[in-house]
Amino acid sequence: MRQLIIIGSGPAGYTAAIYAARANLNPLVIASSVEAGGELMNTTEVENFPGFPEGIMGPDLMTKMQQQAERFGAEIVYDDVVSVDLDGPAKKVVLGSGAEHSADALVYATGSAPRKLGIEGESRLSGRGVSYCATCDGFFFRERTIAVVGGGDSALEEATFLTKFASKVYLIHRRDELRASKIMQERAFANDKIELVWNSAIVDIVGEDAVTGVVLEDTVDGSRRELTLDGVFVAIGNDPRTHLVHGKLDLTAEGTVWVDGRSSRTSVPGVFAAGDVIDPTYRQAVTAAGSGTVAALDVEHYLAGLGEAGVPDATADQIEGLPAV
Ligand code: NAP
């Protein structure tokens, strides 16, 4: 049995792996088969990760984190977890390949997944003009007219990026004020390929085999109109990926994994959580990385306190400088 399994390979998972590997815990990172590296793999330039004054491309940043974790001995498996068994002292994970692993401690750092609009036409036309990833699919919309939905940093970043390909990008937002940071707003407003469509909700995505347009509803007066488009990029936020732990770990009202105060301790001893999956508010690469650090330190403390029988030892609470497990 291993000491530690980390599920997730975003900034939280890899940072937890770096710390745990340096503490000789030989962590096994389950990095996912197609989504290794997490959300930053779908991002272009990251300008606000400290230490990179010129910015760094999201995938490059994640490759560096992966290499840093491996340098200290973390083992990485590119497979998906299909189930977890968190009862008892051994935490077990089953992978898509059928392989099973167990450990004394588990860090759950599965991040978040793009939120869906949940409207007619969205899933039917997904991959046929409806996309959740500008960096993945932008290339297919050269000289086309497209829309981005949302008013946050993601939507503005995607809209600005997509102007490299598209001839016209509508930014459709349900209110008359953006949620995005000032710098992103200024960049979008200065881009003459971007046209803001205020107070508008998409109520239908139309097209037989591919997107041909959307039906917009005015959120002020309720009137409807059709807008002709070749593609729709949905960028309305993310939801925590908790599907593996439903009914196994306590969740918060916001749907994130519940953790005890500022720690990473979940409702199950030996199971720790970090990154976007516990964070309904900040959700930055840097905060996720910090959260991964907290998880690794909590795991170290927990493992140090395991008695002979593999249950937390009362003396663990006395380890200097660390919160009680
Ligand atoms: P977000 O900040 O939660 O914004 C989501 C946007 O989508 C909001 O404008 C929201 O409208 C809109 N929205 C939500 N549900 C909707 C629905 N059903 N229909 C239509 N519109 C809907 O999400 P985010 O933009 O993904 O950003 C998440 C976090 O990552 C933020 O903290 C952000 O700062 C960070 N981030 C940072 C960067 C960067 O620094 N470069 C880049 C991307 C993301 P309302 O405004 O009306 O609620």
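Q: What is the volume of the second largest pocket?
A: This is a predicted model, where local features need pLDDT of at least 70 and side-chain atom pairs 80 or more, while totals for chains, interfaces and linings use all residues. Residues are numbered from 1 along each chain, and side-chain values use heavy atoms, without hydrogens or water. A pocket is an open set of points on a 1 Å grid over the protein atoms alone, where a 1.4 Å probe fits, with protein on both sides within 12 Å along at least five of seven lines. Filled by probe spheres set on its points, the second largest pocket has a volume of about 360 Å³.

Q: Which residues lie nearest the centre of the second largest pocket?
A: Lining residues have an atom within 4 Å of a point. The lining of this pocket counts 22 residues. Nearest its centre lie Val259, Gly261, Ile278, Asp279 and Ser291.

Q: Which helix gives the most to the lining of the second largest pocket?
A: Helices are DSSP runs (H or I, at least four residues), numbered from the N terminus. The top contributor spans residues 285-304 and gives five residues. That is helix α6.

Q: Is Asn238 buried or exposed?
A: Asn238 lies in strand β18 (a DSSP run of E, at least two residues). Its relative accessibility is 14%. Buried means under 20%, exposed over 50% (1.4 Å probe, protein chains only), so Asn238 counts as buried.
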